[in-house]
Structures are given as C-alpha cells and as structure tokens.
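Here's a quick briefing to read alongside the model. Have the structure open and follow along.

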Amino acid sequence: MANEVRIDLILIIYTAICVMMICFNTVFLLYLRYRDFIFKDKREKIRQAIKDQIELVSKNEEIDKQKQQYLYRNFTKIRFLKAFHEIVKEQAAVDYESTFTYLKLCKPLFEYLIIEFDNKENSKKGYLAFLVGEFKLCDETVYDFIVSAMISYTTNKSVYVRQNALHALYTSDNGEAILTAMLRMQEMKIKHNNKLISDGLMLFHGDRARLASLLWKEYSRFDVSTRVAIINFIRMSTLDYSEKFLKLLKDEHSHKEIRLAIIRYFGRMTYAPAGQYLVELLRQKNAEWEYRAIAATSLASYKNDETVNALKEALTSDNWYVRFNASESLVELDVEYVDLVDIYNGPDRYAREILEYKMETERLKRKTRKEKRDVY
Amino acid sequence: MFIETARAILISIGIFYSLYLFAYATFLLVSVTIGASELYKSKQLNTLHNVISHDYYFPVSIVVPGYNEEVTICDTVHSLLNLDYRLYEIIVVDDGSKDNTSKLLIEEFKMTKVRRKIKKSIRCQDEEFIYESYAYKVPIVLIRKKNGGKADALNMGINASRYPYFVCMDADSMLQSDALERIVRPVLTDENLIACGGVIRIANGVVLENGKVKKYEMPDNMVAAMQVLEYERSFLASRILFDMFNGSLIISGAFGLFKKDMVIAVGGYDHTTMGEDMELVVRLHVFCLKNQIPYTIKYATDAVCWSQAPDNMRDLRKQRRRWHLGLYQSLTKHKQILFSSKFGLVRTVSYMYFLIFELLSPYIEIFGILSVIAMFLLGMVTTRVAIAYTIISLLYGAVLTLSAFFSRIHTQSIRLTAKDVWKAIGACIFENIGFRVILAYTRMVAFVGYKKKKLQWGKIKRVKFNR
C-alpha cells in the first residue's frame with residue numbers, strides 16, 4: 001500500500017486547493033464589497049462632475065476643463081467607465097438634450113479610450129463599442145476617428161465586439177460607414193449571422209432608402225448570406241425593389257436562399273407581375289417544394305381568381321407544407337365558402353382536412369379577438 | 001496459498017481503486033476550476049454588455065410532454081406564458097394520462113377542440129384529440145395521444161411543432177422569464193449550432209414570481225439540499241468543461257433547444273431507451289461526425305430552468321435508477337464511438353468520462369470500499385491509515401462540492417444567508433458520508449428487473465410550485 005500514502009497526499013493537496021478556492025471566493029467577494037464601499041465617494045464625485053458639466057451645457061456655457069481633466073485621468077478604469085455610463089443614463093432621463101450635447105463634447109475622451117484599449121482584451125473593446133452606440137458618438141463621415149474605429153471593430157474575432165460596433169454605426173445616419181463596415185467584413189471573410197445584420201440594419205437611424213440603395217449598388221460584392229440579409233432589410237423596410245427583384249427571382253441561376261428571400265419580399269410588397277410568376281411557381285410540380293410552399297404563403301397578398309385557383313390546386317399537393325401554406329393563404333384571402341365547396345365536397349381527404357382545420361382556427365382566433373374587444 | 005492469492009488480488013484492487021480515485025479527483029479538480037473560471041469570464045462579459053441582445057430572434061416551439069401531471073401542468077404553462085420572448089408556441093403532449101391533466105388544461109386555458117391532423121415526420125403513437133387556444137399571447141396546443149412513453153410524446157410534439165427550433169422541457173419544471181431568450185442566443189452567434197442545453201436548478205425552496213426568482217434559499221429538506229449541491233457540482237464539473245471542446249453528451253430533457261430538421265434527420269427521440277435525452281445527443285454527435293457535418297452542441301450557462309427534485313430517498317432512487325439505465329443504454333447503443341478515432345475528444349474525454357466515472361463508478365466505488373474493508377480485516381492496512389484515508393477522501397469530496405457550490409453562487413450574484421451556508425456545509429457532509437454510497441448502490445443494482453418497466457414514465461411525487 002505504498003502508493004496509498006501518496007494518494008492520500010495528493011488528496012490532501014487537492015483538498016487544500018479547494019479550500020483555497022473557497023477562500024478566494026470569500027475574499028474576492030469581501031473585496032468587491034469593500035471596493036464598492038470605497039467607490040461610493042468617488043462615484044458621488046463623478047456624479048457631481050457630470051451633473052455640473054451638463055448644467056453648464058444646458059446654460060450654453062463652456063464646460064469646466066478641470067473637471068473634464070479629472071474624467072480624462074480616470075477614464076481607462078472599467079469601474080469608472082461603468083459609473084460614468086450609469087450616471088449619464090440617469091442624467092439623460094432628466095435632461096436628454098443637454099446630456100447628449102455634453103456627450104458630444106466628451107468625444108475626445110472616447111477617442112483617447114479607443115487608443116488605450118487597442119491592445120486590451122476584446123470584452124473591453126466590446127463595452128467601448130456598446131457605449132459609443134448608447135451615447136450616439138458616431139459622426140456622419142467615414143473619416144471620423146470613432147467611426148473608423150467602429151468599422152475596424154466590425155472585423156474583430158469576437159462576435160460581441162462586432163455586434164456592438166455595428167449597433168454603434170446604426171445609431172448614426174452614416175450609411176457609407178455601414179456599407180464600408182459590411183464590405184470590410186466581406187473582404188475579411190467574417191461570418192456574422194445574417195439575421196443579426198438584417199434586423200440590425202432596421203435600427204439604422206438615417207435614411208433607410210438611401211442605405212438600401214448604397215447596399216444595392218455593391219450587392220454583387222457580397223456573399224449569399226449578406227445578400228439575403230440585404231433583401232430581408234429591404235423587405236422589412238417595405239422599399240420598392242420589385243422590378244429588380246423579379247428579375248433576380250426569374251433567374252434560375254440565382255441562389256436558392258436569395259430566390260426564397262425574394263418570394264417572401266413579394267408577400268409583403270405586392271407587384272402584379274410577381275404575383276403571376278408566383279402562381280406559375282406554385283403550379284410547377286417539378287419545382288423544389290420550398291419555392292412552392294413559400295410562394296403559397298406570399299400569394300396571400302394577391303387576391304384574384306387566378307391566385308385562388310392556384311392555391312386550391314396546391315391543396316392537393318403531395319407536399320404537406322405546400323398544402324398547409326396554401327390553406328392558410330386561402331383563409332387569409334377570406335375566400336367565400338361557395339368558392340371552396342368543391343374542396344369540401346371533393347375526393348381529396350387531405351385537402352379537405354387541412355382547409356377545415358385552418359378555417360376552424362381562423363374562426364377561433366376571430367372569436368377570441370371579439371371576446372377581448374368586448375371585455376375592453 | 002489461498003490467503004496469499006487473496007492478498008495479491010486485494011492489493012491489485014487497492015492499487016486500481018487508488019488510481020481511480022486519483023484520476024477522478026484530478027478530473028473533478030481540473031473541471032471545477034476551469035468551470036468556475038469560465039463562469040467568471042461569462043459574468044464579466046455580461047456586465048460589460050458583451051451579449052447579443054436582440055429584440056426579435058426567431059420563433060420557437062416549446063414541447064412539454066407529460067403523464068399524470070395534473071398537480072403542476074397548469075403552473076408550468078402559466079410560467080411559459082410569462083416568458084420574455086415574442087414569438088413562440090406551447091405544445092403540451094398528454095401521453096395518455098390517467099389523471100385530469102388534459103381536463104385541467106382545457107378548462108384553465110379555455111381551449112377548443114380542433115380537427116387537426118398531425119404530419120408524422122417521426123414515428124409516434126396516434127393522437128386521440130387536439131385542443132387549441134388563441135386567447136393568450138401565444139398559441140397553446142394540447143395533444144392527447146395514446147400512451148407510448150416520454151420519447152414518443154416528445155416525437156409527437158416535434159411533429160406538431162411549426163417552427164424550425166424546438167425546446168423540450170419537463171411538465172414539472174418552470175422556465176425563468178429570460179430563459180428562452182438566453183437559450184436561443186447562441187444560435188445567432190454560431191450558425192452550426194444544432195442543440196443547446198439550459199441550466200437545471202432545483203426549485204425546492206425557491207419562490208418564483210412571474211418567472212423571476214423572488215426568494216432563493218437552500219431547501220430545508222436534506223435530500224433536496226444534497227441534490228442542489230450535486231447539480232451545481234456536476235454542472236461545473238462536466239457541462240462547462242465538455243462544452244469547451246463540443247463534447248457535451250447530455251442535454252437534460254428538462255430544458256434543451258434543438259434544431260428540428262436535424263432531430264428529424266436522425267429519427268427523433270428513441271422509444272426504446274430510458275435516457276432518451278442523452279441518447280439523442282449522443283446520436284446527433286455520431287450522425288454529424290460520421291457524415292462530416294459541421295455542428296455545435298452547446299450550453300447556455302445563463303438559461304435557467306427550475307425543476308422539482310425528489311424530496312425523499314424512495315423517489316430519488318427511482319429517478320437515479322432510470323438515469324443509470326438510460327446512461328447504460330445510450331453508451332452501449334453507441335459503443336462504436338469507443339472504437340473509432342473519428343470521434344476525437346468526444347471519444348477520448350466525454351465518452352470515457354461517462355463510461356468510467358459515471359457508468360462503472362458505482363461498481364468501482366463499492367468494490368473499492370469493500371476491498372479496503374477486507375484489507376483492514378486481514379491486517380493489510382493499519383487502523384490509522386484506514387481512518388486517515390477515509391477522512392481525507394470524505395473531506396476532499398465535501399470541500400470540492402462546497403467550492404463548486406460557492407463558485408456558482410458567487411458568479412450568479414446570489415446572496416446566501418448564514419443559515420443557508422450552514423445548510424450547504426451540513427448537506428455536503430451528509431452527501432459524502434451516506435448519500436453517495438446509497439446512490440452508488442442504487443445505480444449498481446439498477447439493472448435488477450429493468451426490462452419490466454423499461455418504457456414506463458419515471459414518476460415522482462409532485463408538489464405545487466411556490467408562485
């Protein structure tokens with residue numbers, strides 16, 4: 001049992017390490033509380049400094065250089081920065097305009113921080129980008145120091161830094177900066193989720209139509225995923241790209257995801273020639289089921305006999321999703337019972353069942369809505 | 001001659017047991033340390049706003065399978081209606097309950113019977129009736145089907161789900177209001193993500209209000225308190241470490257997110273195993289690695305699901321017996337992992353961990369203890385060494401558990417009262433003195449009579465949630 005003793009020793013060492021871990025946690029926790037306690041006074045000082053500066057701004061007076069120097073000296077400390085963030089948020093709730101005017105005057109502080117954080121860990125850069133977005137510090141030119149820093153952050157390996165930097169850019173009305181960032185990400189082959197991009201673009205504070213046209217000009221330089229994001233952004237912004245998109249949709253060499261995104265676009269933006277094409281697509285038995293299923297959904301925006309007939313035919317499709325979406329669209333189009341009687345009395349059980357179910361749920365939804373209205 | 005041989009065998013067992021203890025202790029220490037440091041890093045990221053905070057993610061179907069869940073099912077659905085998430089649907093699958101599970105749901109949520117046919121992408125038992133409600137912020141669907149087991153109920157839920165991602169959860173669990181958003185977030189940061197597990201925490205002793213923790217304290221019940229420590233330790237010890245190399249083999253059935261088309265591609269949950277949650281994850285690994293599909297299986301360390309733990313040894317032993325059988329079935333069904341290098345770290349670390357330190361551990365531990373006792377009786381070990389050995393082993397176990405527990409508490413900014421700290425210390429000692437041995441024995445004899453009950457729902461006594 002010679003090795004038993006050694007195992008005992010190892011277990012003792014391990015136990016000691018665990019005890020040290022507990023001690024570390026306890027001491028660290030106490031230290032944090034102590035630090036918070038000590039920081040209380042400093043925090044008050046920061047609050048007063050910021051408050052005074054904002055007050056000066058509200059009176060159209062020059063801000064106090066000494067107080068600004070004080071902030072400047074401490075700005076690189078994360079704890080200080082967090083306190084600054086919280087206090088500014090509090091002040092913005094009281095006097096929004098003066099607070100943001102003051103923040104514009106603080107731009108040199110953030111420029112200094114960008115340089116200081118250059119070699120620091122990504123979490124700090126992420127926080128800095130977050131603050132730039134919160135405080136709307138991005139200017140209208142691509143050459144602005146903060147804007148160009150945010151553009152360079154969009155190629156950072158941390159998804160959080162990229163996302164916060166993009167958010168910061170969206171808060172400006174600088175479409176060129178967003179385009180530059182997206183092209184840079186493309187060049188560097190940075191994969192950023194296309195949903196984050198398309199939903200993010202919707203947060204753009206400037207002219208969306210102009211941003212869309214800037215992106216569209218460079219459309220061919222982007223990969224499929226970003227192209228889909230651009231199309232989705234245009235769809236959600238309800239901008240008219242019908243003609244251009246229909247051309248892309250009809251081109252069978254276009255990527256499937258792009259064509260599907262365009263079919264969804266035509267569900268939101270009605271365009272008669274597109275409606276005809278969607279009907280053709282739905283009737284194409286050899287087309288891939290995804291095209292047919294999404295076309296069936298988009299056709300809910302095109303009420304005419306041709307659409308209704310195509311959707312009724314689609315109810316007998318082999319594919320469950322095509323049938324399901326077609327029934328949903330027929331319900332949405334509010335097609336009269338007499339126009340559907342051939343389905344209800346027809347031989348296709350699947351078509352009948354799915355339509356009955358959708359009609360039933362629609363009645364249920366309407367009843368619920370009515371009940372809610374009656375209550376209020 | 002016989003005594004000599006027995007001595008030689010005992011010495012061999014002793015050496016093997018010592019080595020086993022050494023390996024296990026080292027593994028636990030390393031993984032708890034790494035886990036704690038990862039949690040700390042993630043807390044830092046959160047405080048510095050390094051998170052994907054999005055107004056609109058994507059729609060998710062929540063599948064809640066249940067069997068005789070009349071005590072908790074309405075609370076569970078109410079908790080799901082409190083989620084801070086925009087677009088989702090709730091699908092409750094009543095697997096032929098003998099109690100009033102369906103009736104209570106229909107009444108509570110004003111549900112209406114619909115003539116819906118479910119497309120069966122995965123095989124499952126037929127539905128008996130379907131009710132739906134649109135009276136709340138999201139649709140609620142109740143599917144009552146013929147009894148077929150939990151896996152079968154989950155498959156029915158997947159078949160009925162409308163959205164590309166689904167969450168599975170237990171009918172006796174409650175999601176924290178931000179849990180759905182947090183479990184979905186990783187999908188936006190990793191396009192290869194096919195499954196994501198949430199954190200399961202013990203609800204006993206916790207008061208939740210509108211999906212938020214109103215009061216947290218260690219449960220008074222010792223069995224539940226010991227499980228709190230056990231869950232926290234295992235979360236730090238294996239989940240976070242395995243997550244670092246995409247090697248998680250378990251996503252708890254109590255709360256997990258899955259990409260639907262991938263689950264359908266592998267055939268859904270397996271009806272024939274008791275540990276259907278682990279088996280599915282192992283199968284997803286095998287499927288993706290064999291077909292060279294890039295994939296990620298992750299843990300969302302901040303997506304919390306509060307689950308009721310058994311508060312008596314009888315129910316707990318039943319639960320652990322099922323888990324152990326499920327583990328055995330999952331590992332033996334996919335034993336190919338052990339013999340093929342293409343499985344990389346999933347084989348060398350994850351599979352080996354579950355094989356040696358989980359599946360075989362009760363046998364090794366019980367035989368180890370017995371051999372030490374035999375050695376002591378044969379005078380091969382002095383009383384002093386035997387006592388020292390036992391005390392140090394127990395002390396190490398208790399201190400390690402405590403350090404894992406406090407690390408978790410510390411990184412979650414939870415404040416414990418002095419009473420809770422004492423409860424935790426007491427539970428730690430009890431856990432290492434008797435609890436572990438009882439559970440090791442339970443797992444060791446898990447196979448006795450398992451064929452008779454292998455496809456039944458594991459039932460434990462339910463109580464109402466503190467809401």
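Is the crossing of H13(A) and H15(A) left-handed or right-handed? In this predicted model, H13(A) and H15(A) cross in a left-handed way.

- Helix H13 of chain A covers residues 242–250 and helix H15 of chain A covers residues 272–283; the two pack at an angle of about 20°, and their axes are 10 Å apart.
- Angles under 35 degrees count as roughly parallel, so H13(A) is roughly parallel to H15(A).
- On the H13(A) side, the contact uses A:Ser242, A:Leu246, A:Leu249 and A:Lys250, and H15(A) brings A:Pro273, A:Ala274 and A:Tyr277.
- Sort the residues of this contact by class and you get 5 nonpolar, 1 polar and 1 charged.

**Domains of chain A**
- Chain A splits into domain 1 (41–105) and domain 2 (123–238).
- Taken over C-alpha atoms, the centres of these two domains are 28 Å apart.
- Where they touch, 4 residues of domain 1 are in contact with 5 residues of domain 2.
- Helix H3 (78–94) and helix H4 (96–105) each give at least two residues to the domain 1 side.
- That domain 1 side has 3 nonpolar residues, 1 polar and no charged ones.

**Chain A meets chain B**
- Here 40 residues of chain A are in contact with 45 residues of chain B.
- Helices that each supply at least two residues of the chain A side include H1 (2–58), H6 (122–134) and H20 (349–375).
- H1(A) provides the largest share of that side, with 16 residues.
- By class, the chain A side comes to 20 nonpolar, 10 polar and 10 charged residues.

Key:
Residues are numbered from 1 along each chain as its sequence is written. Chains are lettered from A and ligands numbered from 1 in the order in which they are written. This is a predicted model: local features need pLDDT of at least 70, side-chain atom pairs count only at pLDDT 80 or more; totals for chains, interfaces and linings use all residues. Two residues are in contact if their C-beta atoms, placed from the backbone, lie within 7 Å. Helices (H or I, at least four residues) and strands (E, at least two) are DSSP runs, numbered from the N terminus. Ala, Val, Leu, Ile, Met, Phe, Trp, Tyr, Cys and Pro count as nonpolar, Asp, Glu, Lys and Arg as charged, and the others, Gly among them, as polar. Axes are lines fitted to C-alpha atoms, for helices over the stretch in contact, and angles run from 0 to 180 degrees between N-to-C directions. Angles under 35 degrees count as roughly parallel, over 145 as roughly antiparallel, 65 to 115 as roughly perpendicular and the rest as oblique. A crossing is left-handed if the near helix is turned anticlockwise from the far one by less than a right angle, and right-handed if clockwise. Domain bounds come from an automatic or database domain assignment.
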